[in-house]
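Please keep the structure at hand while reading.

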Amino acid sequence: MAEAVGQKKVIIPNKHGNKLVGILHDSGTPEIVILCHGLQASKDHAIMVNLAAALQNAGISAFRFDFTGNGESEGSFDFANYLGEIEDIHSVIQHFHKENRTVSAIIGHSKGANEVLLYASKYHDIKTVVNLSGRYAMNGGLEERFGKDFMEKISKEGFIELKSKSGTVDFRLTEESLKERLNINMHEQCQKIDKDCRVLTVHGSADEIIPVGDAFEFAKILPNHKLHIIEGANHVYTDNQAELASVVVNFIKENKSAAS
């Protein structure tokens, strides 16, 4: 497959030596925006592709990549692995720093949104964070995905297999993975984000996976925060890609001009 103009594949090793594969949408700027996908998604998810293209069109370089064990990247898939994926983001940022490029913002969708917030709470080297449909209550959504008795099942069997409609196993939820997710307290972590780090939260009012109420919880605790609810949008913004791109690009541009 030929690479599109201004796009090139970049492979970055993470700290475990796994190759992370990404696509750089280069507009020739030293600043770059990193895009982080959600659970069971990849850099080729419509949100990632459309946002990267919109940023590039606005003269802002963007990099969308696959986390460990997702898409084209090496390693094994894990339902949780929040801490590992935060380190993947760190490896990507370090790579661009070595190339004398500044990472001006990190954007994440769904699980990736949690990870960009957690990254900002740990590393304090990013001044602009975009949380697209992130989850505030980390115990939410598990019953819908794994069944009402998932806690009993997992303590008895040690894991739960999530099967697709055709009956093949999508992935295994281990007790360790479940504990990692439930031990994350977004309220506490968000309070560790630097006060001068600007955060945009975007959420669809009709999100069927993560309730829009979670966005309002983030708005209560993040001091340097802007909230944008997209009316009628679902979790992946199926019919609202243009509005999503416009809101995100404008926010990045505003913060770029404020910083310069």
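Buried area is the accessible area (1.4 Å probe) that two parts lose on being put together, summed over both. By that definition, domain 1 and domain 2 bury about 1200 Å² between them, with 52% of it on carbon and sulfur atoms. The model is predicted, so local features need pLDDT of at least 70 and side-chain atom pairs count only at pLDDT 80 or more, while totals for chains, interfaces and linings use all residues. Residues are numbered from 1 along each chain as its sequence is written, and side-chain values use heavy atoms, with hydrogens and water left out.

**Domain layout**

- Domain 1 spans 7-138 + 185-258 and domain 2 spans 139-183; such bounds come from an automatic or database domain assignment.
- Between the C-alpha centres of domain 1 and domain 2 the separation is 25 Å.
- The contact (heavy atoms within 4.5 Å) draws 13 residues from domain 1 and 14 residues from domain 2.

**Interface make-up**

- Of the area that domain 1 buries against domain 2, 50% is supplied by Q40, F79 and M138, more than by any other three residues.
- The side of domain 1 that touches domain 2 has 8 nonpolar, 3 polar and 2 charged residues; Ala, Val, Leu, Ile, Met, Phe, Trp, Tyr, Cys and Pro count as nonpolar, Asp, Glu, Lys and Arg as charged, and the others, Gly among them, as polar.
- Across the interface of domain 1 and domain 2 there are 0 salt bridges, taking a salt bridge as a side-chain nitrogen of Lys or Arg within 4 Å of a carboxyl oxygen of Asp or Glu.

**Cysteines**

- The whole structure contains 0 disulfides, a disulfide being a pair of cysteine sulfur atoms within 2.5 Å.
- The closest cysteine sulfur to that of C36 is in C197, 13 Å away, which is too far for a bond.
- C190 also has its closest cysteine sulfur in C197, at 10 Å, again too far for a bond.
- C36 is buried at a relative accessible area of 0%, and C190 is buried at 1% (buried is under 20% relative accessible area, exposed over 50%, partly exposed in between; 1.4 Å probe, protein chains only).
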